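Please read it alongside the sequence and the structure shown here.

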Amino acid sequence: SGIDQEWYDHPATSFLSLYSLFYKIYSFFDSSFIYKISDIVNSNNPDFVLQKLFYVTRVFDSINIILIIFYFFKIFKILLLKDIYKYFLISTLVISLTFIQNISIMNPEDWSVLFFLISFYYFLKYFISEKLKFLILSGVFFSISFFSKISILFLFIFVIPLIPILYEIYS
């Protein structure tokens, strides 16, 4: 676009890169979709363009929310929770005020939580199967999670005490 970018080292750049990739892919299916700043500024109706951009972003965020619920369910399945507990915990998550508010807000925390859950899922899979590929995948997704939002490290602190417990259970 020719506009100088600021914040090259901003921690949420991975989340912004995901959106730009999604916009690029979506633009292949909808040729009228405009997502570049210079094109938005030069368009005849920038309000309409921004409304469409906002709508597409909300659809993409909804996919993120669905994936968060999906990976919570997969983690609960690995932890051998009874179905009633799985559905109760996921229902509690879905009706929580924070979860409902995040449906309409574009922020990196959702993506960071999703990548952390994927990382934790593969971390659990590693203890079950002891295949190195799951540990590598866990590290990759944790790195993406970390680059999405640095505060995810506080969640990782709670995983560290689980290592001896998981080792004892699955070995």
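A residue is called buried when its relative accessible area is under 20%, exposed when that area is over 50%, and partly exposed in between. The model is a predicted one. S112 has a relative accessible area of 2% and is therefore buried.

**Overall architecture**

The protein contains nine helices and zero strands. Read from the N terminus, its elements follow the order α-α-α-α-α-α-α-α-α. The C-alpha trace spans about 65 × 35 × 30 Å along its principal axes. Of the 171 residues in the protein, 32% are buried.

In soluble globular proteins, nonpolar side chains tend to be buried together. In this model, the largest nonpolar core comprises 32 residues, and Y23, W111 and I118 have the most contacts inside it. At least two residues of this core come from each of helix 1 (13-29), helix 3 (46-78), helix 6 (108-129) and helix 7 (132-148). The greatest contribution is that of helix 6, which gives 12 residues. Beyond the residues up to four places away in sequence, Y23 touches F33, Y35, L53, V56 and T57.

Helix 6 has 22 residues, and the distance from its first C-alpha to its last is 31 Å, close to the 32 Å expected at 1.5 Å a residue. Because 16 of its 22 residues are buried, helix 6 is largely enclosed by the rest of the structure. Just after helix 6, E130 adopts a positive phi of about 55 degrees.

S112 is found in this helix. Which residues does S112 contact, leaving aside its neighbours within four places in sequence? The partners of S112 are S145, S148, K149 and I152.

With a relative accessibility of 18%, S27 counts as buried. The side chain of S27 reaches the backbone oxygen of K24 at 2.6 Å. When residues up to four places away in sequence are not counted, S27 touches F33 and Y35; both of these residues are also touched by Y23.

**Aromatic rings**

The structure holds 25 aromatic pairs. One of them joins F142 and F156, whose ring centres are 4.7 Å apart; the planes stand at 40 degrees, so the pair is tilted. Since F142 lies in helix 7 and F156 in helix 8 (residues 153-159), the pair ties together parts that are 14 residues apart in sequence. A separate arrangement involves a lysine: K86 lies over the face of F73, at 5.2 Å from the ring centre.

**Accessibility of selected residues**

| Residue | Relative accessible area | Class |
|---|---|---|
| S112 | 2% | buried |
| F142 | 16% | buried |
| S27 | 18% | buried |
| F156 | 33% | partly exposed |

Methods: Residues are numbered from 1 along each chain as its sequence is written. This is a predicted model: local features need pLDDT of at least 70, side-chain atom pairs count only at pLDDT 80 or more; totals for chains, interfaces and linings use all residues. Side-chain values use heavy atoms; hydrogens and water are left out. A nonpolar core is a set of buried Ala, Val, Leu, Ile, Met, Phe, Trp, Tyr and Cys residues joined through side-chain atoms within 4.5 Å. Buried means under 20% relative accessible area, exposed over 50%, partly exposed in between (1.4 Å probe, protein chains only). Helices (H or I, at least four residues) and strands (E, at least two) are DSSP runs, numbered from the N terminus. Contact means heavy atoms within 4.5 Å. Rings of Phe, Tyr and Trp (its six-membered ring) pair if their centres lie within 6.5 Å; planes under 30 degrees apart count as stacked, over 60 as edge-to-face and the rest as tilted. A charge sits over a ring if NZ of Lys or CZ of Arg is within 6 Å of the ring centre and within 35 degrees of the ring normal. The expected span of a helix is 1.5 Å times one less than its number of residues. A polar contact is a pair of N or O atoms within 3.5 Å; within protein, one must be able to donate a hydrogen and the other to accept it, and residues adjacent in sequence count only if both atoms are side-chain atoms.
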